[in-house]
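Dear colleague,

Please find below the structure that I am handing over to you, followed by an account of what was found in it.

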Amino acid sequence: MKRLINRQPSSVTRAFLGILPLVLALLVYQWGSTVRKAENPQDKLLPGFVEIHDAMERMALTPSKRTGELLMWEDTKSSLKRLVSGVAIAAAIGLTVGLLTGAIPLFGASLTPVITVISLIPPMALLPILFIVFGIGEVSKVVLIVIGVAPFLIRDLYQRTCELPREQLVKSMTLGANSGQIIFRVLLPQILPRLFASVRLSLGAAWLFLIASEAVASTDGLGYRIFLVRRYMSMDVILPYVAWITLLAFLIDCLLQQGSKRLFPWYHAAK
Amino acid sequence: MIEFRNLWKNYDDNVVLENLSAQVGSGEFITLVGTSGCGKSTFLKLLLGTEVTSRGSILLDGRPIADEPGPDRGIVFQKYSVFPHLTVRENVALGREFECGPIFGRVFGSARKAILAEADHWLESVGLTPARHRYPHELSGGMQQRLAIAQALIKQPRLLLLDEPFGALDPGIRKDMHQLVLSLWGQHKLTVFMVTHDLSEGFYLGTRLWVFDKCRMDPQAPERFGSTITFDLPVGKTDRQSLDKIKESLARSAQIPVAV
């Protein structure tokens, strides 16, 4: 018998072991729900799977009586639009500023302290200011995501740029490159895969800021919906919405990972 | 062609090189040896332009050398010399692309084709033609160094600087690389400075061997005095005796600890 630390699960066992906790969680939930329903058939805290299914059918497949829209898809669409534009803008800022401050010491000297200070401001504390300045429309929600995520991306990519071996810069100079050429041909292509990695890490924060701003002031969106139906204790809507948000987050993460592997095979193979 | 005039280099109180003077003609192949911390790498950095001299000057063709790296001096480091995001061929072509694409360092169309053809020619001369579409991480250590050499040679630099280029390679591969460097040096009339910590490598490679060591030594303050060239031997005239003499002299100074 091998030592425990040397025993590797086969791929079937691995899949089974991976799914096991999820199945157990569902079973525990089902059991809890049944117990509570037996006590009080009107219980709303732990709705059964049938109720959740009905609620989903209402939200995702039946046009709303008031607006004629399929609410869950509309919510998803507006939330994703905010999330993607916020993260995309933050990524563009993070890449530009991080790369330039890392590559050009004169830039870094003047911007790094400011960025450090900005990154310490809790973004949620700025939300009221954003509402005052940009109104409660789309802009303030996107800006909150940008403010929340960009400083992290800038600092991370600054660090990554500085970490690239000094030898590569010297080598480029001996090949006759000027500063711009070094940035475009040597630094930028090597920072892009690192941008993908940083964006993946910052997605959790981006979702947090999205849900928070939708909860405070919005008329649609996934975060808006769950905070709206909270008033009616509609756990049968909240729970599947949370699961749906999780699934979306997971899919975006996979998409970024696969995209990075496809675009930068040299980066993933060398690691 | 290149002249070192009373060269000094110190970091605050720590003198690394002191009063180093020498002249090197075009086409010479100089190997620099010495114990670790003897200043041979610092010397190469001065020549490369990543460090500046504290006193004295380095003249290339009678004019002071630029204080930042430039295309007149090619370099091969022990590692990180090649760009991981470019294929072997693109790595070599890069030097020419920088010349022809002044802003983004990119060229297109027939100009690019000509550059790639030239890159293929250099890859041929270092024996990397079969690997030209691969990425550096797919190459062995020896092949990566071959690539780094081809990459430097496409610019046809006045000086080729090699900073312990084969230190991380297996002995067998190292022999092959010696052959390659010697044949390239002969073919292209290069002027080469090679730093190595392997005395025997320095002993039969090239035309001239420089040993870096301290002439004066204060055991209480080893940083007080710097190194200079203690042996300057034409490689053709070297023999067993002088090898032993150098070894002995290096061993003596190695016994006195060097402050870091």
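A salt bridge is counted where a side-chain nitrogen of Lys or Arg lies within 4 Å of a carboxyl oxygen of Asp or Glu. By this rule the structure holds 22 salt bridges over all chains.

The model is predicted, so local features need pLDDT of at least 70 and side-chain atom pairs count only at pLDDT 80 or more, while totals for chains, interfaces and linings use all residues. Residues are numbered from 1 along each chain as its sequence is written, chains are lettered from A and ligands numbered from 1 in the order in which they are written, and side-chain values use heavy atoms, with hydrogens and water left out.

The interface of chain B and chain A

Here, 34 residues of chain B are in contact (heavy atoms within 4.5 Å) with 22 residues of chain A. The two chains bury about 2400 Å² between them, 68% of it on carbon and sulfur atoms; buried area is the accessible area (1.4 Å probe) that two parts lose on being put together, summed over both. One salt bridge is found across this interface: the side chains of Arg185(A) and Glu97(B) meet at 3.3 Å, N to O. On the side of chain B that touches chain A, β6 (73–76), α2 (88–100) and α4 (141–153) of chain B each supply at least two residues. Helices (H or I, at least four residues) and strands (E, at least two) are DSSP runs, numbered from the N terminus.

Within chain A

Glu74(A) forms a salt bridge with Lys77(A), with the closest N and O atoms 3.6 Å apart. Because Glu74(A) and Lys77(A) are three residues apart in helix α3 of chain A, about one helical turn separates them.
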